[in-house]
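Hi,

Here is the structure I promised to pass on. My notes on a few of its side chains follow below, and I hope they are handy when you open it up.

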Amino acid sequence: MVRVQSRPGRRIGQILIDQGLVTADQLRIGLLEQSKSRLRIGRQLVDLGFIAESALRDALATALGLPAVDLNQVIADPVALEMLPRELATRHGVFPLAYDRKARRFVAALSDVRDIAALDHLRSHLGGDVLVEPRLAGDAEIERAIERHYGRECSIDGILREIETGARERAAAHEDREDAHPVARLVAALLADAVERGASDIHFEPYEKYYRIRLRVDGVLREVAQPPVQLATKLAARLKVMSRLDIAERRVPQDGRIKMRLSKNRSIDFRVSSCPTLFGEKIVLRILDASTAMMGIDALGYEPFQKDLYMKTLARPQGMILVTGPTGSGKTVSLYTGLSILNVEDTNISTAEDPAEIVLPGVNQVNVNPKVGLTFASALRA
């Protein structure tokens with residue numbers, strides 16, 4: 001059975017206001033964004049930067065009468081980890097903490113203990129006679145814990161070793177079997193690793209005798225992997241399939257987009273550009289994380305005088321702001337943060353972008369397309 005100890009109470013938004021954790025205006029903005037994102041209101045307020053996840057977790061724990069757990073300080077029980085597959089943990093936002101075999105008691109962290117479907121699936125998987133004791137944790141905490149503790153089974157190095165071992169076995173058996181599944185998992189692991197490191201770009205680069213993958217972090221490119229050069233065409237094909245590009249066309253550049261779901265509450269967009277080189281297709285992915293536009297002005301790292309200047313300039317009725325700098329310096333995030341600040345109900349906002357990198361609900365975004373005559377000039381006139 002599942003034991004969930006909860007007691008009726010007020011809505012979480014009102015609880016957070018009563019505890020002074022958010023203001024009524026912040027809750028109103030959160031509810032407006034929630035209607036578009038379909039996230040739970042607590043997660044929405046965290047994503048908007050209005051409340052720390054730890055504060056939300058503790059407030060929810062108090063309201064529901066449940067113990068809270070800080071997963072950053074937890075080392076999971078290997079037996080509990082083995083009992084709960086990663087796929088199930090990710091799908092329902094559950095992290096296993098401990099299992100008492102004698103008492104048949106399974107302790108797990110959840111972000112929403114009122115998710116009956118998740119609890120029922122957990123009970124069904126573990127067996128009906130297992131007692132499930134929930135602990136409360138934040139969504140992002142659970143995602144990080146899953147990645148940290150389950151990461152070994154899908155690590156980049158582990159998948160590369162698996163691919164290389166498979167290649168040797170095929171050579172010994174004189175077979176030519178495709179490694180589609182390991183390559184797909186390798187690409188997924190590389191993309192997830194890039195997001196975790198806070199990278200702005202991923203470069204897949206083929207050369208005559210080797211292949212390298214680099215990430216741009218804080219404006220600097222760093223090599224993270226050197227897969228076998230024989231994987232060049234397979235990696236390019238996998239990325240082009242994911243971004244819906246023509247895999248048969250290798251002579252001209254192409255542009256596409258990938259949407260990757262990292263968990264049930266978070267997905268990331270990648271802008272994809274392929275370019276033919278001497279030894280194959282170089283593919284660059286630009287990471288477009290919509291949550292970065294919601295970080296708030298205080299998360300941008302501005303000096304106090306810079307922040308003050310930016311806010312005063314945004315408040316002016318007319319004018320122009322130029323944001324310049326190298327790749328990864330924060331131009332896009334700064335501009336989208338400014339748009340988010342201006343994006344209120346009584347203001348009409350339109351943009352002309354090439355391309356629109358992050359979707360902002362409530363902003364009329366125009367994607368410039370010179371091939372059909374939609375230029376910056378024509379978009380501005382319209």
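Glu-249 sits in the loop that runs between helix 11 (232–242) and strand 7 (254–261). Please keep in mind that this is a predicted model. Although Glu-249 is a loop residue, it counts as buried, because its relative accessible area is 15% and the cut-off for buried is under 20%. Its side chain reaches the backbone nitrogen of Arg-251, at 2.8 Å. If you set aside the neighbours within four places in sequence, Glu-249 is in contact with Lys-240, Gln-254 and Glu-281.

Now to the aromatic rings. How many aromatic pairs does the structure hold? There are three, and I have notes on two of them.

One of them joins Tyr-207 and Tyr-210, with 5.0 Å from centre to centre and 20° between the planes. That pair is stacked, since planes under 30 degrees apart count that way. As for accessibility, Tyr-207 is partly exposed at 29%, and Tyr-210 is partly exposed too, at 33%.

Tyr-302 and Tyr-310 also pair up: their ring centres are 5.9 Å apart and their planes stand at 75°, so this pair is edge-to-face. The angle decides it, because planes over 60 degrees apart are classed as edge-to-face. Here the two partners fall into separate accessibility classes: Tyr-302 is partly exposed, with a relative accessibility of 29%, whereas Tyr-310 is buried at 10%.

Happy to chat once you have had a look.

Best wishes

Note on methods. Residues numbered from 1 in each chain as written. Predicted model: local features only at pLDDT ≥ 70, side-chain atom pairs only at ≥ 80, totals over all residues. Heavy atoms only, no water. Helix = DSSP H or I, 4+ residues; strand = E, 2+ residues; numbered from the N terminus. Buried < 20%, exposed > 50% of the residue type's maximum accessible area, 1.4 Å probe, protein only. Polar contact = N/O pair within 3.5 Å; in protein donor to acceptor, adjacent residues only side chain to side chain. Contact = heavy atoms within 4.5 Å. Phe/Tyr/Trp six-rings, centres within 6.5 Å; stacked < 30°, edge-to-face > 60°.
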